[in-house]
Amino acid sequence: MNHRSLAFRLAVWYALLLSATFALVGVGMFYGLEQYLRSNMRDSLRRRSVQVEQILRDAPADISDSAIAAAIDTRVAPEFNNRFVRVTRAPAIPVYRSGEPADRSFDAATIPAQGGAWSSRAVVRPIATASGQLMVSMTPIDTSSGHYLIELGIALGPIEAVQHRLLSLLGLMLPVLVVCAAGGGYLLVHWALRPVERMSQTAEQISVQDLDARLPVVATGDALQRLSVSLNHMLTRLRDSVRASRRFLDDASHELRTPLTVIKGELQELVANEVDRGEVCERIGSVLEEVARLEHLVSGLLALSRLDAGDAQREWVEVNLGALAASTVEQMRLVAEDRGIQLRSSELSAVTVRGDGGRLKQVIVNLLDNAIKFTPRGGIVTVRTLARDDHGILEVRDSGIGIPADDLPRVFDRFYRVDAARSREDGGAGLGLSIVRSICSAHGAEIEVDSASGSGSCFRLKFPLPARGLGAAVAAAN
Ligand code: ADP
């Protein structure tokens, strides 16, 4: 038996508690019964004493002792009722003394005279005799025939015998009851813990290969049921996360393979054929292009893995979104002009949010990069920052090709591209928007996208403003 097990410890506690309860009940019963029997005995003695008293009071002044004795024998019958009766007339003349009781529970001849009882009122008290304890009522009375002391007694032996019997019964029952209770408690706890046992067996069998298995839910409506349901929810979250990781790994390998294949092909061509310097330069240029793509992809993957690890929350400071957007726009203006796109940034309010400046800049770069990439020559890209209610808003709007409604829900997924061929030509790996989403969720920001095929897109990010209020966070437009 496992002494540290819950079932064992509960059973021991259960047995201890029960023993203490039984012991208390036993002691209560023992003394309660004693009190009850003694008070019954006192009442009975008083009743009999009143009978003797009545005989003496009703007797004429010149009644003889033998007439008193005869009257007591007839009306009280002490020997038959196992009572002791003694009547003494003042100063110390014996009038009557009962004989040996039918049950021989005491010896009437050995009961000492209670001299002190003459002066006091009626009392009932136990006295010790050579043949055992006796409960005796002593009543002094005055009658026309004289001053008497009535002593009426009964042996305490029968009460003591009942008490002894109760004691031995309790002594016998207590260990039996405790053993039964402890055993029953152990079995009950063992039985109650069976669902947990089943849960742990199932949990043992769940592996990464079998993430759809669930623990049995015990319909107990208590903590056990809540535990099994919570563990199942946790398993579902773990399964989703493992699946997402696998998918991510698959997609990443796939994305990495394409540029590597191109690089390998170009280098094999170079080694296999004799080529002039011009062609060498051309092929190396193509290899470098693929290397740049690889570099972009790997840094995207690194950024995502760091964001997944919770890196974005490490170095938070107050960041002025307006100023950050203004500097980023200036850095990207040349790229936009090269592509014949007008970059507008006339509505940049100084909105202060708390966050990681570097990551927030990456968000603006990725959104602007997409807006420039997916807007044809002559188009316009507008960047705005503003404060509304308790939010700081960053908006990047373009007049480009837009995103078809069917693709809109998936553009934030990792490696998702609406037009894979075109996106790849532009160096996109489908990670830009998922990085934006990860950074935004780390900053508690919401993303809204308005877009339709052919009518441009608008990405709107809503950042929570720091708690100290809008007044300090929002400055005038620059
Ligand atoms: P990529 O790095 O390939 O651009 P993103 O995750 O940034 O990947 O974007 C995913 C896809 O969403 C892009 O391939 C593109 O098809 C679409 N997309 C993103 N931004 C825009 C935009 N401003 N206009 C049109 N399509 C866009």
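The legends below describe close-up views of a predicted model.

**View 1. Strand β1 and the side chains on its two faces.** Strand β1, which spans residues 84–89, is mostly covered, since six of its six residues are buried. From this strand F84, R86 and T88 point one way, whereas V85, V87 and R89 point the other way, and all of these residues are buried. In a regular strand the side chains alternate between the two faces of the sheet.

**View 2. The strands that pair with β1.** Strand β1 pairs in the antiparallel sense with strand β5 (residues 146–155), and the pairing extends over six bridges. Within this pairing F84 stands opposite G153 of β5. Strand β1 is also joined to strand β2 (residues 93–97), with which it runs antiparallel, by four bridges. Here V87 stands opposite Y96 of β2.

View 3. Strands β1 and β2 form a hairpin, with three residues between them. P91 is found in the loop between these two strands, and the peptide bond that leads from A90 to P91 is cis, with omega near 5°.

**View 4. Two loop residues with positive phi.** A77 is found in the loop between helix α2 (65–75) and β1, and its phi is near 45°, a positive value in a residue other than glycine. With a relative accessible area of 21%, A77 is partly exposed, because the partly exposed class lies between the limits of under 20% for buried and over 50% for exposed. R104, in the loop between β2 and β3 (123–129), likewise is a residue other than glycine with a positive phi, in this case near 50°. R104 has 62% relative accessibility and therefore counts as exposed.

**View 5. The second largest pocket and its lining.** The second largest pocket has a volume of about 290 Å³. Its lining consists of S241, A244, S245, R247, F248, D251, R410, D413, R414, F415, Y416 and R437. These lining residues divide into four nonpolar, two polar and six charged. Helix α5, which covers residues 223–272, gives the most to this lining, with six residues. The lining draws at least three residues from each of domain 2 (223–306) and domain 3 (313–477).

**View 6. The cysteines C440 and C458.** The structure holds zero disulfides. The sulfur of C440 has its closest cysteine sulfur in C458, at 13 Å, which is too far for a bond, because a disulfide requires the two sulfur atoms to lie within 2.5 Å. C440 has 1% relative accessibility and so counts as buried. C458, at 2% relative accessibility, also counts as buried.

**View 7. L431 in the loop between α9 and α10.** L431 lies in the loop that runs between helix α9 (420–425) and helix α10 (432–442). Although placed in a loop, L431 counts as buried because its relative accessibility is 5%, and the limit for that class is under 20%. The C-alpha atom of L431 is separated by 122 Å from that of T143, and these two residues are 288 residues apart along the chain.

Technical notes
Residues numbered from 1 in each chain as written. Predicted model: local features only at pLDDT ≥ 70, side-chain atom pairs only at ≥ 80, totals over all residues. Heavy atoms only, no water. Buried < 20%, exposed > 50% of the residue type's maximum accessible area, 1.4 Å probe, protein only. Pairing = 2+ DSSP bridges. 1 Å grid on protein atoms, 1.4 Å probe; cavity = no way out; pocket = protein on both sides within 12 Å on 5 of 7 lines; lining within 4 Å. Points joined across faces, edges and corners; volume = space filled by probe spheres on them. Nonpolar A, V, L, I, M, F, W, Y, C, P; charged D, E, K, R; others polar. Domains from an automatic or database assignment.
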